[in-house]
Amino acid sequence: MNALKRYSVLRRFICLFLLLFVSFNTAQNSFGVVEEGHCDDINELVGYGVIGETSFQYGNNSEINSNTITYSGNTPTPDGNCETIDFDFPPIDPEIFPETGSTDLKPPNNPVAAGKYGTIEFEAKGKNDTVTFSGGDYYIKELIAKKGATVQLAPGDYFIEKISFENKSEITIVPSGQVNLYIKESLQGGNQSKFNSLGDTGDFIVFLYDSASFQIGNADQGSSNADFNGIIYSPGASSSIQFGNNTNITGAILSAGSVEVGNNTEFDYATDVQSEILDALGCEVIAGPDHIRIEHTGSGLTCQRSDVALRACADADCTSETTYSVTLSMTPASSNSLTWIGGDIYTFTGNRTIQLRQTVFGPVTLGLTNANPAPTNGYRCYNSGVEGDCGIDFYDSGFLVSVPDLTSCQSSELPSIQAVRKGEVGEDAEACVADGGFTGQLKTVGFWFDYLQPDTGSEVPRLNGTALETATPGTDVELRFNDKARSTFALTYDDAGQLQLNARYQGSGEEVGLIMIGNDSFVVAPHSLRVQATSDGATPLDNTTSSGTSHWPAGKDFALEVAGVCSDGTVTTNFAADTKLSAVAPFAPVSGVLGTLSDGLLVAADYSSGVAQDSSVFYSEVGTVTVSALATDYLDSGIDVIGSSVPVGRFTPHHFAVSLTTPQFAAGCATGSFSYLGQPFDYAVAPVVTVFAQNKQNVTTVNYSGDWWKITSGAAGSLTGKLYSAAAGTVEISNVSLGDPAVSVLGGGIGLLTFDVGDGLFFERSDPQAPFDAEISLAINVLDSDGIAYTANPVHFGEATAGNGMAFDAGKEMRWGRLIINNAFGSELLALDMPMRAEYFDGTAFIPNNGDTCTSLPLTQLILNNGSTEVAGNISVVVGSGSDTTSVSLSNPFSGGDANLRFSPPGADGFVDVTANLSLLNWLRYDWDGDGNHDDNPLGRATFGLYKGRPGLIYLRETYR
């Protein structure tokens with residue numbers, strides 16, 4: 001097999017192996033199978049088979065695929081030249097080396113079963129003496145094999161901290177299957193060691209943990225004569241791998257650390273290696289390209305290199321190129337008169353331009369051989385963009401046409417043409433020199449052009465203002481050549497793409513028979529990219545302010561249109577290129593953060609007539625943003641075509657998410673675990689809604705703040721549907737402010753809605769009713785003035801059902817209450833207790849509210865009237881017709897529902913009418929006057945000088961002395 005095929009095998013093989021490490025979630029312990037879906041990635045990624053990323057050193061006469069390794073770098077290429085690459089190495093699975101055992105073993109007590117061991121030491125008693133491992137999972141501290149020992153491994157995972165093999169030791173794999181050998185510290189192999197020398201390459205993989213070393217043979221001293229057939233994978237930069245002289249290595253060495261091989265090392269990668277590895281990974285050999293295109297101009301000069309473009313086409317029309325590596329040999333092979341610059345063998349991905357030097361007049365027919373992977377339909381030649389034969393005619397004289405890359409619709413006066421010939425005796429025979437027949441002459445030259453990429457067009461270039469033809473002999477243009485046989489001209493093209501300008505001169509008179517030709521390809525790039533955003537392909541998203549229309553939810557798909565344009569806005573209909581879209585400054589709010597633009601890539605195939613549409617992009621943040629479009633290295637010209645939109649927006653949240661506190665009401669009488677109907681109660685713990693402004697992907701939009709925050713409360717606010725409801729009774733909210741809840745913006749897309757009941761909620765109080773539990777719910781629709789809403793509106797605190805209402809700090813019971821004052825009479829010489837107590841209706845009758853230790857009635861709310869004078873309860877009142885007075889005292893608050901109202905002894909007969917002014921305790925008024933309205937204050941009379949006799953007495957007489 002030739003070196004090219006082996007190298008291609010190697011590159012695919014390495015990709016397979018590396019991506020194997022990405023599949024850490026596979027249910028299998030072995031590295032032999034990858035998860036479904038990885039084969040496309042494996043076949044696309046092309047790597048190198050021998051890598052010492054930290055350093056790669058090789059001895060004399062070392063070869064890779066029969067090519068001598070030369071120069072410096074960290075990996076040898078198939079032709080032997082070393083290159084330097086930077087590679088990412090996935091970690092070993094498991095990343096941490098597992099614990100080994102402590103039980104030592106000295107075979108032969110074969111076979112060695114799976115398990116944990118300390119040191120296993122095997123000393124051969126005769127030639128080819130063998131110790132056998134039965135397979136499975138092994139955890140070994142150290143494995144020692146003496147001279148001439150054979151270690152036979154069955155398939156399994158072998159975790160071994162340290163391995164020491166003396167000379168002529170050998171590892172074999174029986175039965176066939178994958179052996180994964182994990183080394184924590186070192187693997188040391190002696191001279192003439194053999195590792196899986198007769199097995200399948202894919203069956204033997206050595207994993208080196210960071211700082212581990214691998215050494216076979218005596219470095220560059222003496223002859224190691226070792227054989228290694230397998231794969232070494234070492235992702236640690238501190239690891240080292242070393243092979244001695246005269247070593248044959250079949251397989252791959254992939255190391256982020258150092259690799260050193262001695263003299264006469266042969267790296268070998270055969271096609272069967274690829275098949276074995278692909279089979280182990282459950283993947284198939286990659287299919288080759290549809291065909292290889294060889295693109296040339298059909299003519300060249302013997303004094304100048306000619307460009308030849310290679311394209312690995314993925315389809316018959318070459319609308320796309322392969323994404324994996326192709327290796328091939330160009331024909332005819334290099335000779336004394338023909339040279340492929342850089343060698344006859346080329347490896348490339350997608351496309352590559354190479355150069356050919358032909359020093360002898362005459363035709364050259366291009367071709368290729370040994371393409372790997374092999375194209376399905378061979379190769380096809382294109383002459384100046386048109387499919388044709390593969391011949392290039394080389395001339396000793398002609399034109400050097402030089403056209404720099406241009407900008408669409410803009411005239412350039414830099415293009416030039418020079419008449420040259422091959423150097424003669426005494427001149428540089430390999431250089432082009434000015435043709436004296438053109439110096440200082442006025443000549444008529446025919447110009448025409450070819451469309452290359454794309455291969456058609458509606459515009460034509462203009463040379464010195466004249467439209468050019470598309471075929472030979474072209475448009476005649478008169479040019480004045482200077483003393484170096486050179487002339488310049490102006491060139492304009494009102495479109496984009498790659499073209500080829502051709503020049504031809506046919507002599508007459510004394511120049512009859514003289515034909516000079518030349519050409520140059522060039523790229524014409526648009527002046528810029530026009531970027532426009534719409535919500536639906538028609539309605540612009542161009543609102544630059546924080547309010548008004550138009551607006552669009554963050555994270556929701558919108559449409560972007562990108563077009564290549566001239567400086568005056570004319571669309572360049574031939575433009576098509578992979579274009580990256582991204583969010584850039586300026587953006588708003590300026591104090592916020594720049595969000596991300598998703599799906600930010602257009603491919604060339606998305607363009608039609610110079611315009612591409614993408615209706616599946618979204619912006620992650622609130623505010624406005626500028627969208628940038630970038631087509632890098634347009635048609636491999638090195639030109640970046642860029643453009644940006646006007647500010648796009650405005651973007652709002654897509655929805656709100658919420659987090660709720662657990663509120664509590666404060667009972668009207670906490671110690672009694674009840675409240676009176678009509679009695680206001682407040683929050684002990686207020687309800688608070690934490691609002692998170694989010695995009696469609698449920699990520700908080702941190703820019704929703706300041707002027708961009710649109711949630712407001714109040715009569716004209718955005719919040720709607722605020723409702724207190726109860727399972728029983730009617731909640732009255734007349735004390736609640738219209739501005740409730742209070743809205744506070746925390747920043748970062750987060751705000752608080754804090755509820756406050758002002759002077760308190762209360763239950764409406766009509767006719768007496770039995771006690772019930774207050775099961776109260778609070779609901780509100782969270783939305784802003786743009787209509788952005790919480791997805792599950794309304795937000796609920798509690799439910800107006802039994803047991804599900806908002807909590808109270810000390811009982812939910814609601815009681816229909818009243819304050820009653822009973823008449824009292826007694827001696828004018830003794831203190832007089834007057835019954836005044838709180839009662840509640842139990843559903844049948846009013847009973848004392850013994851649990852009321854909360855009601856307070858100031859003395860000032862008592863009205864005392866002796867029939868002629870009325871005073872407040874905190875003032876003494878005259879009893880009778882004299883000057884004797886009595887004063888009032890009571891418990892404040894009540895005790896067990898009783899006010900403990902008491903009059904001091906007045907010393908005189910008389911009465912005092914007592915009225916309790918319940919203007920501060922409306923929930924204790926009652927319909928004492930029977931008019932159907934529970935709006936009356938209680939009243940009673942305290943009479944002094946009268947006694948109540950015992951119920952069993954008819955007459956009692958007291959005698960005074």
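Me: How do β38 and β44 pair, and over how many bridges?
Reply: Strand β38 (residues 442–453) pairs with β44 in the antiparallel sense, over seven bridges. Within that pairing, Asp-450 has Gln-500 in β44 as its bridge partner. Keep in mind that this is a predicted model.

Me: Which strand do ten bridges join to β44?
Reply: That is strand β45 (residues 515–525), and the two run antiparallel, joined by ten bridges. Here Leu-501 has Asp-520 in β45 as its bridge partner.

Me: What holds strands together like that in general?
Reply: Strands of a sheet pair through backbone hydrogen bonds, in either a parallel or an antiparallel way.

Me: Is β44 largely enclosed or left open?
Reply: Strand β44 (residues 497–506) has eight of its ten residues buried, so the rest of the structure largely encloses it.

Me: Switching topic. In what order do the strands run in the open sheet with β58?
Reply: The order is β58-β70-β66, three strands with mixed pairing. β58 and β66 (772–773) are at the edges with a single partner strand each, so one side of each has no neighbour in the sheet.

Me: And how does β66 pair with β70?
Reply: β66 and strand β70 (residues 813–815) are antiparallel, over two bridges. Phe-772 has Met-814 in β70 as its bridge partner.

Me: Now rings. How many aromatic pairs are there?
Reply: The count is 41 aromatic pairs. One of them is Phe-97 with Phe-159: the ring centres are 5.9 Å apart and the planes are at 80°, so the pair is edge-to-face. The cut-off for edge-to-face is over 60 degrees.

Me: Where do Phe-97 and Phe-159 lie?
Reply: Phe-97 is in the loop between β6 (82–83) and β7 (115–122), while Phe-159 is in strand β11 (residues 156–165), so the pair ties together parts that are 62 residues apart in sequence. Both Phe-97 and Phe-159 are buried.

Me: What about Phe-681 and Phe-808, what sort of pair is that?
Reply: Phe-681 and Phe-808 form a tilted pair, with 5.4 Å centre to centre and 55° between the planes. Phe-681 is in the loop between β58 (674–676) and β59 (683–685) and Phe-808 is in strand β69 (residues 807–808), so this pair ties together parts 127 residues apart in sequence. Both Phe-681 and Phe-808 are buried.

Me: Which residues form an aromatic cluster with Phe-97?
Reply: The cluster consists of Phe-97, Tyr-139, Phe-159, Tyr-182, Phe-207 and Tyr-209.

Me: Which charged residue lies over the face of Tyr-926?
Reply: Arg-818 does, at 4.6 Å from the ring centre. Lys-443 likewise lies over the face of Phe-438, at 5.1 Å from the ring centre.

Me: Which residues touch the most other members in the largest nonpolar core?
Reply: That core has 48 residues, and the ones touching the most other members are Phe-133, Phe-214, Phe-228 and Phe-243. Beyond its neighbours within four places in sequence, Phe-214 contacts residues including Leu-187, Val-206, Phe-228 and Phe-243. A second, separate core has 41 residues, among them Val-622, Trp-708, Val-736 and Phe-755.

Me: Lys-722 next. Where is its place?
Reply: Lys-722 is in strand β61 (residues 720–726). Its relative accessibility is 28%, so Lys-722 counts as partly exposed.

Me: What does Lys-722 touch?
Reply: Leaving out residues up to four places away in sequence, Lys-722 touches Val-736, Ser-737, Asp-740, Pro-741, Phe-755, Leu-778, Ala-779 and Ile-780. With Asp-740 there is a polar contact of 3.1 Å between the side chains. Ala-779 is 57 residues from Lys-722 in sequence, yet the two are 5.5 Å apart in space, C-alpha to C-alpha.

Me: Last topic, the backbone. Where are there cis peptide bonds?
Reply: One joins Asn-372 and Pro-373, with omega about 0°. Pro-373 is in the loop between β30 (367–372) and β31 (379–383). Another joins Gly-649 and Arg-650, with omega about -5°, and Arg-650 is in strand β55 (residues 648–652).

Me: What is phi for Asn-246?
Reply: Phi of Asn-246 is near 55°, a positive value in a residue other than glycine. Most residues other than glycine have a negative phi. Asn-246 is in the loop between β18 (240–243) and β19 (248–255).

Technical notes: Residues are numbered from 1 along each chain as its sequence is written. This is a predicted model: local features need pLDDT of at least 70, side-chain atom pairs count only at pLDDT 80 or more; totals for chains, interfaces and linings use all residues. Side-chain values use heavy atoms; hydrogens and water are left out. Rings of Phe, Tyr and Trp (its six-membered ring) pair if their centres lie within 6.5 Å; planes under 30 degrees apart count as stacked, over 60 as edge-to-face and the rest as tilted. Helices (H or I, at least four residues) and strands (E, at least two) are DSSP runs, numbered from the N terminus. Buried means under 20% relative accessible area, exposed over 50%, partly exposed in between (1.4 Å probe, protein chains only). A charge sits over a ring if NZ of Lys or CZ of Arg is within 6 Å of the ring centre and within 35 degrees of the ring normal. Contact means heavy atoms within 4.5 Å. A polar contact is a pair of N or O atoms within 3.5 Å; within protein, one must be able to donate a hydrogen and the other to accept it, and residues adjacent in sequence count only if both atoms are side-chain atoms. Two strands pair if DSSP finds at least two bridges between them. A nonpolar core is a set of buried Ala, Val, Leu, Ile, Met, Phe, Trp, Tyr and Cys residues joined through side-chain atoms within 4.5 Å.
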